[in-house]
Amino acid sequence: MQTFAREFLRDPLNTASLIPSGGPLCRQAAAPLPATGDPVVLDLGAGTGQVTDVIQDRLAGRGRHIAVEFNPRLAEILAERHPKVEVLCEDANAVVERLLAEGVRVDLTVSGLPWPLTAPRDKEKSIFRSLARLAAPGGAVTQLAHAWIRFFPTAKQVQRNLEDTFEEVVVSRTVWANVPPAVVYVARRPRV
Ligand SMILES: C[S@@+](CC[C@H](N)C(=O)[O-])C[C@H]1O[C@@H](n2cnc3c(N)ncnc32)[C@H](O)[C@@H]1O
């Protein structure tokens with residue numbers, strides 16, 4: 001937690017939070033993960049691994065779990081805490097494009113990525129378009145967002161970008177137990 005706060009002070013725009021997400025928010029974000037089979041899960045902007053913990057619990061040894069965190073100090077902690085997860089210390093865009101080129105299909109993407117990647121006005125530049133192409137049939141993309149920011153123009157732009165890309169976008173109830181309170185956007189059925 002101290003590391004996270006330090007990284008926030010160093011790079012607030014990209015770190016986007018003073019403290020990691022709490023358990024209830026992480027569980028909400030991971031809820032669409034299939035309970036059976038061998039799902040492929042992509043965990044973007046994984047930080048020190050709070051969402052990663054929940055996904056690992058739910059996978060219980062099944063499937064494939066790729067966690068992406070481009071801050072090397074956070075990625076080091078993530079990799080130490082999760083030796084069974086494929087931890088990639090890279091830019092999320094680059095990983096998504098590589099997975100597309102490899103023909104990988106993802107059952108659930110959980111994104112904690114901040115505004116620069118999710119809210120560009122030019123929707124073509126939003127990472128959601130590539131995530132839609134990466135989604136397996138029946139797959140889902142979830143995006144975490146702080147609730148207090150929901151009515152700001154950038155947050156509205158995130159929702160517009162999701163709605164331009166997916167037929168169904170549902171916003172969860174506010175998770176008041178999180179600090180700060182937050183919501184999860186759940187997107188399904190890519191338009192592309
Ligand atoms: C709001 S934090 C979420 C951390 C964690 N998922 C959680 O919920 O506690 C956003 C994380 O995304 C990472 N990040 C920001 N831009 C990124 C990018 N382009 N590629 C990979 N990670 C990125 C930041 O370093 C930060 O750890």
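By class, the residues around the ligand comprise 12 nonpolar, 8 polar and 3 charged; here Ala, Val, Leu, Ile, Met, Phe, Trp, Tyr, Cys and Pro count as nonpolar, Asp, Glu, Lys and Arg as charged, and the others, Gly among them, as polar. This is a predicted model, in which local features need pLDDT of at least 70, side-chain atom pairs count only at pLDDT 80 or more, and totals for chains, interfaces and linings use all residues. Residues are numbered from 1 along each chain as its sequence is written, and side-chain values use heavy atoms, with hydrogens and water left out.

**Ligand**

- The ligand is surrounded by 23 residues, of which Ser21, Gly45, Glu69, Asp91 and Ala92 are the closest (a residue counts if one of its heavy atoms lies within 4 Å).
- A polar side-chain atom of Asp91 is 2.7 Å from a nitrogen atom of the ligand, and a polar backbone atom of Ala92 lies 2.9 Å from a nitrogen atom of the ligand.
- The protein buries 95% of the 600 Å² that the ligand exposes when taken alone (Shrake-Rupley method, 1.4 Å probe).

**Second largest pocket**

- About 150 Å³ of space lies in this pocket; a pocket is an open set of points on a 1 Å grid over the protein atoms alone, where a 1.4 Å probe fits, with protein on both sides within 12 Å along at least five of seven lines.
- The lining (residues with an atom within 4 Å of a point) includes Gln56, Arg62, His65, Lys84 and Glu86.
- Helix α4 (50–59) and strand β2 (64–68) each supply at least two lining residues; helices (H or I, at least four residues) and strands (E, at least two) are DSSP runs, numbered from the N terminus.
- By class, the lining divides into 3 nonpolar, 4 polar and 4 charged residues.

**Salt bridges**

- The structure holds 8 salt bridges, each a side-chain nitrogen of Lys or Arg within 4 Å of a carboxyl oxygen of Asp or Glu.
- In one of them, the side chains of Glu7 and Arg10 meet at 3.1 Å, N to O.
- Glu7 and Arg10 are separated by about one helical turn because they are 3 residues apart in helix α1 (residues 2–10).

**Backbone geometry**

- Most residues other than glycine have a negative phi, and most peptide bonds are trans.
- Ala60, in the loop between α4 and β2, has a positive phi, near 45°.
- The Val179 to Pro180 peptide bond is cis, with omega near -5°, and Pro180 is found in the loop between β6 (166–171) and β7 (182–190).

How values were computed. Grid points are joined across faces, edges and corners, and a volume is the space filled by probe spheres set on the points. A polar contact is a pair of N or O atoms within 3.5 Å; within protein, one must be able to donate a hydrogen and the other to accept it, and residues adjacent in sequence count only if both atoms are side-chain atoms.
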